[in-house]
Amino acid sequence: MADSAQAQKLVYLVTGGCGFLGEHVVRMLLQREPRLHEIRVFDLHLGPWLEDLKTGPVQVTAIQGDVTQAQEVTAAVAGAHVVIHTAGLVDVFGRASPKTIHEVNVQGTQNVIEACVQTGTQFLVYTSSMEVVGPNTKGHPFYRGNEDTPYEAIHKHPYPRSKALAERLVLEANGRKVRGGLPLVTCALRPTGIYGEGHQIMRDFYRQGLRLGGRLFRAVPASVEHGRVYVGNVAWMHVLVAREMKQRAALMGGQVYFCYDASPYKSYEDFNMEFLGPCGLRLVGTRPLLPYWLLVLLAALNALLQWLLRPLLLYAPLLNPYTLAVANTTFTVSTNKAQRHFGYEPLFSWEDSRTRTILWVKATEGSAQ
Ligand SMILES: NC(=O)C1=CN([C@@H]2O[C@H](COP(=O)(O)OP(=O)(O)OC[C@H]3O[C@@H](n4cnc5c(N)ncnc54)[C@H](O)[C@@H]3O)[C@@H](O)[C@H]2O)C=CC1
Ligand SMILES: C[C@H](CCCC(C)(C)O)[C@H]1CC[C@H]2[C@@H]3[C@H](O)CC4=CC(=O)CC[C@]4(C)[C@H]3CC[C@]12C
């Protein structure tokens with residue numbers, strides 16, 4: 001990418017560029033990639049905020065498209081130097097069918113790879129997930145693990161299964177010859193639970209707390225650690241990988257990197273309280289209010305209701321057997337692979353990440369205080 005003719009004229013494509021993470025990647029590229037000439041934002045649903053970006057020096061091209069449609073993907077990829085593929089169906093609540101999840105996450109990713117090969121795009125960054133590793137269905141803890149930590153990954157749920165398959169496709173495509181004969185260079189980034197401005201589930205918890213008179217009820221023991229990473233740092237990692245992967249293709253090609261920063265190790269609920277607490281919510285109970293067996297029963301009941309009601313309506317509560325298992329199993333990472341391979345340091349400190357997220361939660365609905 002440092003070729004003199006192309007040095008100032010990079011074209012990036014961000015699939016899923018209007019999603020929670022995708023929007024941060026787009027904005028980060030505009031702020032932190034000085035060689036950017038054009039950024040193509042490809043998404044099923046385009047956000048109105050894109051219009052405001054079109055007045056800047058970088059050409060922002062909005063493309064309404066579907067990753068499951070190979071010809072739409074190929075048209076969007078043609079002429080791009082780098083593809084950052086964040087588009088995906090993030091569904092662990094049973095809103096979409098397993099078939100649709102597979103089509104978007106696996107076939108969509110295959111379409112992106114083939115488009116790179118056909119059109120001669122050499123660099124592909126894929127947003128994978130911690131979920132390709134675990135937690136597994138046996139509830140084994142993954143405690144401060146890294147990219148090389150052995151772990152029995154067992155995927156039964158459609159979402160992690162699709163992410164694992166897609167990640168494998170991306171990694172196996174590394175080294176394939178693209179049009180023109182150069183090798184494709186691919187990397188996969190595995191965020192843990194992402195939080196920050198635009199995080200829908202955080203908003204849902206906040207609204208739920210407001211409805212319950214400013215209270216949330218502890219469901220998960222405080223001792224279960226759940227890995228979290230700030231969206232701005234995840235976006236920054238994507239930008240850095242894209243920037244560095246040409247110079248360090250031999251080292252980085254075909255590699256996976258967990259996304260990490262200085263966010264503290266806490267349970268899912270205690271971590272959320274770092275933001276929801278200052279917005280006036282209180283987490284009731286030092287231990288889970290309901291015994292685990294009862295939660296398992298309620299989760300199973302929700303799954304049954306979802307199945308029974310499906311012909312009539314979509315019933316997709318936060319609690320189901322899968323989300324309960326994920327929230328109840330320790331999964332945290334401790335690694336410096338991204339720092340060693342491409343010089344990553346978090347752009348946002350924990351204090352910044354926390355403050356930004358609190359301000360966003362407060363701005364969404366007004367505070368409960
Ligand atoms: N939210 C999280 O905690 C984590 C997310 N990830 C991954 O990060 C990526 C982004 O996730 P989020 O931003 O959280 O989700 P999101 O749902 O906010 O964003 C996904 C975007 O992809 C778009 N999209 C969905 N289907 C599409 C299709 N067929 N064609 C084109 N665009 C399509 C959506 O319209 C949306 O804008 C996903 O690949 C997800 O698997 C990984 C780890 C954690
Ligand atoms: C919704 C869950 C919390 C509610 C649990 C209850 C009902 C017992 O209070 C969330 C707990 C953990 C979350 C997942 C985790 O952060 C890892 C993820 C990675 C992804 O790639 C996509 C999102 C997710 C699966 C995330 C989804 C929500 C939780 C299950």
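# Close-up views of a predicted model

**View 1. Leu 216 and the residues around it.** Leaving aside neighbours within four places in sequence, Leu 216 is in contact with Phe 205, Gln 208, Gly 209, Met 273, Leu 276, Leu 281, Arg 282, Leu 283 and Val 284, where contact means heavy atoms within 4.5 Å. This is a predicted model, in which local features need pLDDT of at least 70 and side-chain atom pairs count only at pLDDT 80 or more, while totals for chains, interfaces and linings use all residues. Residues are numbered from 1 along each chain as its sequence is written, chains are lettered from A and ligands numbered from 1 in the order in which they are written, and side-chain values use heavy atoms, with hydrogens and water left out. Leu 216 sits in strand 9 (residues 215-217); helices (H or I, at least four residues) and strands (E, at least two) are DSSP runs, numbered from the N terminus. With a relative accessibility of 7%, Leu 216 counts as buried, because buried means under 20% relative accessible area, exposed over 50%, and partly exposed in between (1.4 Å probe, protein chains only). Although Leu 216 and Leu 283 are 67 residues apart in sequence, their C-alpha atoms are 4.8 Å apart in space.

**View 2. The nonpolar cores.** A nonpolar core is a set of buried Ala, Val, Leu, Ile, Met, Phe, Trp, Tyr and Cys residues joined through side-chain atoms within 4.5 Å. The largest such core has 71 residues, of which Leu 29, Ile 39, Ile 84, Leu 276 and Phe 342 touch the most other members. Helix 7 (residues 231-244) gives the most to this core, contributing nine residues. A second, separate core holds 25 residues, among them Phe 42, Ala 76, Ala 166 and Val 256. Once its neighbours within four places in sequence are set aside, Ile 39 is in contact with Tyr 12, Val 14, Val 26, Leu 29, Leu 30, Val 58, Gln 59, Val 60 and Thr 61.

View 3. Taken alone, ligand 1 exposes 820 Å², and the protein buries 85% of that, the areas coming from the Shrake-Rupley method with a 1.4 Å probe and, for residues, with only the protein chains shown counting as cover. The surroundings of ligand 2. Ligand 2 is surrounded by 18 residues, the closest being Ser 129, Glu 131, Tyr 159, Gly 193 and His 226. Oxygen atoms of ligand 2 lie 2.7 Å from a polar side-chain atom of Ser 129, 2.6 Å from an N or O atom in the side chain of Tyr 159, and 2.8 Å from a polar side-chain atom of His 226. Taken alone, ligand 2 exposes 620 Å², of which the protein buries 90%. The largest share of the shell, four residues, comes from helix 11. By class, the shell around ligand 2 has twelve nonpolar, four polar and two charged residues, where Ala, Val, Leu, Ile, Met, Phe, Trp, Tyr, Cys and Pro count as nonpolar, Asp, Glu, Lys and Arg as charged, and the others, Gly among them, as polar.

View 4. Thr 332 belongs to strand 13 (residues 331-333) and, at 0% relative accessibility, counts as buried. The side chain of Thr 332 makes a polar contact with the side chain of Glu 225 (3.1 Å); a polar contact is a pair of N or O atoms within 3.5 Å, and within protein one must be able to donate a hydrogen and the other to accept it, while residues adjacent in sequence count only if both atoms are side-chain atoms. Thr 357 lies in helix 13 (residues 350-365) and is buried, with a relative accessible area of 0%. Not counting residues up to four places away in sequence, Thr 357 touches Tyr 195, Gly 196, Met 202, Tyr 230 and Phe 275.

**View 5. Gly 175 in a loop.** Gly 175 is placed in the loop between helix 5 and strand 7 (185-191), and its relative accessibility of 34% makes it partly exposed. Apart from residues up to four places away in sequence, Gly 175 touches Pro 183 and Leu 184.

Conventions
A residue is near a molecule or strand if one of its heavy atoms lies within 4 Å of it.
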